[in-house]
Amino acid sequence: MSPTLLVGLIALIGSLPVLYWSLSGANAAGTAPSTFDGTGPRRASVGDARRSRLPFPVPPKMRARAERRIRSAGVQADWTVDKVVLFKAVGAVLALWLSFLLLRSGISPPTVIGSVCFWVIGVFGVDVLLDGKAKERVQQVERTLPDVLDQVTISVEAGLGFEGALMKVVETQEHVLAQELGRALQDIQLGMPRADALMAMVDRVDVGDLRAVVRALNQTDKAGVPVAKVLRVQSEDMRERRRQRAEERAMAMPVKLIFPLVLFILPALFIVLIGPAALRLMETGLGG
């Protein structure tokens, strides 16, 4: 066995216990209960409970980015900062080994491109996965926000309080926004002011439409305006924004179809239409 292959196998086998340790550790601290610091409730951050478990130091900026990605993706129950950093480190080691094996066969454009692909997947694969889940959450919140506002508006106009209307949404609907509203209600029940609980929810989801609604509701509490009236206006505004986004996606569809049309559909169409005529011309020319 060559030394390079031996070193690669040792790195691969050595990374397996690290992956197992990262996967079998405690769940993310994002699921830990809220704690009190003397001034009010505070939800434990994603990395508070396991900051000392990594065998190597993590830069604060890298930890903050990982925490933000985990929070935006809504996977605090399954992922921690430690897991993200470990997967990135192990992925970088494996990518380096695979790239070295690939380049040993000779430096050429295919091997260089393959090495770069290995490195990108190994280092940034986890980030792409978390960002994809965060994007799905944002799209789901944007789709369901107008319907949630309609239900809350109807409940408030029927005589329920604002928190009671939110509880109805949590009990009757199952989606990302309903889950986040449930967490906000838990924070309110623990003593957090409603404005702070709603802003904490906005920070977790990070959707512009939801942020605008929460700001309008917080201003309503300060100005003494009826909540039902503000909810009705916000519901109509969110529904109009959803319609505009749908129109924008429909207008962008022809542009997105140009490349598949030119690369895949038109060549096949030309072959079907021109192919028989070309064959007949060839046969005629050969016969002549």
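This is a predicted model: local features need pLDDT of at least 70, side-chain atom pairs count only at pLDDT 80 or more; totals for chains, interfaces and linings use all residues.
Biologist: Is lysine 256 buried or exposed?
Modeller: To count as exposed, a residue needs over 50% relative accessible area. Lysine 256 has a relative accessible area of 57%, so the call is exposed.

Biologist: Which residues form the positive surface patch?
Modeller: The residues that make up the patch are Lys135, Arg143, Arg249 and Lys256.

Biologist: Okay, over to α6. How far does the helix reach from its first C-alpha to its last?
Modeller: Helix α6 runs over residues 176-189, which gives 14 residues. At 1.5 Å a residue you'd expect 20 Å, and the model comes close to that. The reach of α6 is 20 Å.

Biologist: How many residues of α6 are buried?
Modeller: Buried means under 20% relative accessible area. Among the α6 residues that pass are Val176, Leu177 and Ala178, and also charged ones including Glu180, Arg183 and Asp187. The helix is largely enclosed by the rest of the structure because the buried count is 11 of the 14 residues.

Biologist: And what share of the chain do buried residues make up?
Modeller: The chain has 288 residues, and its elements run α-β-β-α-α-α-α-α-α-α-α from the N terminus on. Of those 288 residues, the buried share is 35%.

Methods. Residues are numbered from 1 along each chain as its sequence is written. Side-chain values use heavy atoms; hydrogens and water are left out. Patches are made of residues with over 30% relative accessible area and no salt bridge: like charges are joined within 9 Å, nonpolar side chains (Val, Leu, Ile, Met, Phe, Trp, Tyr) within 5 Å. Accessible areas come from the Shrake-Rupley method with a 1.4 Å probe; for residues, only the protein chains shown count as cover. A salt bridge is a side-chain nitrogen of Lys or Arg within 4 Å of a carboxyl oxygen of Asp or Glu. The place of a charge is taken as NZ of Lys, CZ of Arg, CG of Asp or CD of Glu. Buried means under 20% relative accessible area, exposed over 50%, partly exposed in between (1.4 Å probe, protein chains only). Helices (H or I, at least four residues) and strands (E, at least two) are DSSP runs, numbered from the N terminus. The expected span of a helix is 1.5 Å times one less than its number of residues.
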